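Keep it to a short report with headings.

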Amino acid sequence: MTAEEIRAHLDPIRDQFAEERSLVLPALKFAQGEKGHLTGDDVTEVAAATNLTPAYVESIASFYDRIYLDPVGKRVVSVCVSLSCMLNGSDELLEHLCSREGVSHEGGTSADGEITVQEAQCLGACDRAPCLQVDAEETMGPVTLSEADAVADRLRAEPQPRPVLR
Amino acid sequence: MPDYAPVDLTGTDLVEFELNGRTVKAPAGTMLVDACAANGVEVPIFCYEPRLGDPLGACRQCLVSVEGIPGLTTACSTPVAAEMMVDTVSEEVREAQDGILELLLENHPLDCPVCDKGGECPLQDRTFRFGPGESRMVEPKRHFPKPLKLSPQIALDRERCISCYRCVRFSQDVSEDGNLTMSERGGRSEITTFTGDSYNGRFTGNVIDLCPVGALTSIPYRFTSRPWDIQNTPSVCASCSVGCNTELTLREGEIKRVQGRDEPNWQVEEGWLCNVGRWGYGADQAPQRLRQPILRDGGETRECSLEEAVAAAGLVLAHEAHTTVLLGGDVTVEEAFIAKELAAGPLPDAQVGSAGVVGAALGPLRALPAAQLGDIDGADLVVVVGGDPANQHPVAELRLRKARRAGARIVLVGPRAQELESLGESIRTAPGNLAEGLTSAVAQIATVKRPLVVWDELDLDAEPDAAVVLATALGDNAAASQLELTSEVNGAGLRALGVAPHSRLVDQDLGGVLAVRANPGAGPGGDAWNRALDSGGPIVVIASHHSELTERATVVIPCSSHFEHEGVLVTAGQRAQRLRPGAAGPEQSAPGWEILIALSHRLGVALEYRSPRSAFAAATASAPALSGLDYDTLGDLGAEIATSPASDVNGAGAPRAHDGEGLPLVTGRSVFGGPEAHLSEGLVVTATGEEAVLHPAEAARLNVADANLITLNSPNGECTVRLRLDPGAPEGAVFAVRGVPGGTVESLLAPDRAPVNVTVNTA
């Protein structure tokens, strides 16, 4: 992704933001759409397009759970670990998904590159705790362990939507 | 570090408010933490730092109760208002502050005895004063592999970080490099650079002083000392003429650390230091340091004692028909004064000269109201004429950035491409055309309320017509002031004593030479100087480090470095400031003033100064510009010397013609190119060498290629140097870095730095 492409994406939405600095988030989301994650070069290009330093852009990118600075699987499953979900068993849910996908108990990407499991802070679905979210699109809950298995199987069977909105 | 901003309780705009049941006063709008501190009440803080711009409120440590504001409020971001009722000691407040500390310590290791910061750590101190005696945490703390090298000089121990953001704000809002950031969030937050790059820059070391915990520490200093076995001494940095106020840390006879003072000089450096000033002390321990006096007798070179060396110096100089005293640009006022006294009496038919330029046309500018670095903040227009503050007077850069943030207009006029051009309007002038280039800036000076001109001594000496234009423009606006960035560290002090530059002496028979911290062979007109020194009499050198001159001297007497002796330097803003000895120096060395006094005894006319203090008193009595000053009035922060009366330019205001064929040569120093950067262990990784810079189009015309060695020739000498092509460099001139140890760029210049042209060829 080049700075020109990112600028071309930002130009039409520029006047929606009071501060130029705020454009960094749409720029990051747009740049991430290409590969599903951002490389160091992408960060540098975003910085050039938004007149910020690469260090600052990287710090923002690292702040958000849905901006990825490392490669992720084709689909990302986020398990909420905030209070309501934790009280309703999100620890077991996360542990189950992690061991099922063969990743460390903090999350990671399955060996076949299909699914990334990660922790998420409150997804705004406390009434459906424990909940999980697929990419940034589909939030579901309460999720039992067998339902989680079904979700993972379904994601493997489905073609990956393009562009990925995470 | 200054925890709280200074508050003026003597002004007329004070409001009364109630603090812990007591009625006190502070200027309206002062932040509550500062107003409390000014009234003797400490509110604990971590993220608040008066020099980092607007308060952030990140750490929540300064919670206090203010009547009318529900709950507790952060004192760092609450301005004082009349009749406010503030309580900083109630049970509710105490519990809140205690609670915040307990949270900050949740992940912070409680291993103060093995931490480098232990004993001088704000987190430790405030935990004792305001915090919990015991931790209730039973969960494991977060762990990281032990420390990371944030830069070759800065270690980052992430476990100790309390995410106060001070270092990040310094990088974003003070040095404005933007390279230090906080990544991740919440409990995972950590200080980082882009993809883990080294945090390099001119001012990076300040984050060590800013860090309120042991997360950021100085690699050259860490684990070398303990707060209870060190001694701290306030002094002044002698790396450049800015004159930053420093604190020297002494342990076992050696300087172990230089840092900004807890009580900074708000008129000068505000507590910030550049990396050269911070880690340059290592040059004192370098192999090039002179540790033993040397005698050369015929072909024989031998080491001797100090007494023997001084006796020999007296002997060889007394036998000369006439003598020349050469002073470096960084000799103290005392050394220069005693050297002058020596020349006036004990030394046979002596003349004195110092490093520096004549500056015949600069008198009218210097006679205008002198500004201090601190005045840059309050100006509405800052015109920087010539120079390259970022490289040659680094801490001045931070003042310019601060002024820009405060809304001042910055105009840079000069022949160089420089980094600070992005701060405002930049007018590049071809060498010789500076006066013309000043037209727009001069027009702006006439229209604003508080214009301030920061001007470079060497660049205006080279273009006297511009100096005259500038002096006239400033003279027309009564509110205007000027700040000279002198080329020599004590240039203003030498001028105040009436010591003329030594360039006039180079064509004369030098006779016997006494050189004090001087090395003219490495300076402008080096070849001419070396010829003069070769044909002259014996050379006696008083110096702290080996140089080309000590190699050819008959007598070499090691003297103290500026970290090791007492004296006065008159730095930018004509500010006289005291050096204080932080260490004793090598066994067989002595302060320069003491060696000169001993020499006077040997020469048979003893000078009766028993201390630098008494020498300074005599100097002030003899020099009108210094009158009224003594060590006590200078104190820790120094004082301005009297402005010299306006002198007539006497025809020196005409443009100076360039000597020689080819393109005009523009030289300048590079921040990490000087001797400290090359000699000090802590700095050598960032040291840069000599180079010439050309615009690519110019290089194509001259048929020279990037990264090749090229030869520059001027009427004064020849120099071979690496070429760098830079599209940002103006066409029509050759730019070169001077002042690098062992470098030869200076030899292209005339002894008086008259402008020269150079021819360029592939070496």
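The report below takes the helices of chain A, then the strands of chain B.

## Basis

This is a predicted model, in which local features need pLDDT of at least 70 and side-chain atom pairs count only at pLDDT 80 or more, while totals for chains, interfaces and linings use all residues. Residues are numbered from 1 along each chain as its sequence is written, chains are lettered from A and ligands numbered from 1 in the order in which they are written, and side-chain values use heavy atoms, leaving out hydrogens and water.

Helices (H or I, at least four residues) and strands (E, at least two) are DSSP runs, numbered from the N terminus.

## Helices H1 and H2 of chain A

H1(A) spans residues 3-10 and H2(A) residues 24-35. Their axes come within 10 Å and cross at roughly 125 degrees. Axes are lines fitted to C-alpha atoms, for helices over the stretch in contact, and angles run from 0 to 180 degrees between N-to-C directions. Angles under 35 degrees count as roughly parallel, over 145 as roughly antiparallel, 65 to 115 as roughly perpendicular and the rest as oblique.

H1(A) contributes Glu5(A), Ile6(A), His9(A) and Leu10(A) to the contact (heavy atoms within 4.5 Å). H2(A) contributes Pro26(A), Ala27(A), Phe30(A) and Ala31(A). By class, these residues are six nonpolar, one polar and one charged. Ala, Val, Leu, Ile, Met, Phe, Trp, Tyr, Cys and Pro count as nonpolar, Asp, Glu, Lys and Arg as charged, and the others, Gly among them, as polar.

## Helix H4 of chain A

The axes of H2(A) and H4(A) come within 11 Å and cross at roughly 75 degrees. That makes the two helices roughly perpendicular. Val24(A), Leu25(A) and Leu28(A) of H2(A) meet Val57(A), Ile60(A) and Ala61(A) of H4(A). This contact has six nonpolar, no polar and no charged residues.

H4(A) covers residues 54-63; eight of the ten are buried, so the helix is largely enclosed by the rest of the structure. Buried means under 20% relative accessible area, exposed over 50%, partly exposed in between (1.4 Å probe, protein chains only). Among the buried residues are Tyr56(A), Glu58(A) and Ser59(A). Their cover includes H2 and H3 (40-50) of chain A, together with helix H4 (166-174) and strand E8 (181-183) of chain B.

## Strand E1 of chain B

E1(B), residues 14-19, has a covered face of Val15(B), Phe17(B) and Leu19(B). Its uncovered face holds Leu14(B), Glu16(B) and Glu18(B). Six bridges join E1(B) to E2(B), residues 22-27, in antiparallel fashion. Two strands pair if DSSP finds at least two bridges between them. Leu14(B) has Pro27(B) as its bridge partner in E2(B). The hairpin has two residues between the strands, and Asn20(B) takes a positive phi near 50 degrees.

E1(B) also runs parallel to E5(B), residues 85-87, with two bridges. Here Leu19(B) stands opposite Val86(B).

## Open sheet and closed barrel

Three strands of chain B form an open antiparallel sheet in the order E11-E12-E13. E11 (231-236) and E13 (254-260) are the edges, each with a single partner strand, so one side of each lacks a neighbour in the sheet. The twist averages 30 degrees from one strand to the next. Six bridges join E11(B) to E12(B), and Asn232(B) stands opposite Thr249(B).

A closed barrel of six strands in chain B runs E29-E33-E30-E32-E31-E34, with mixed pairing. Its twist averages 45 degrees from one strand to the next. E29(B) and E34(B) run antiparallel and share two bridges. Pro664(B) stands opposite Asn757(B) in E34(B).
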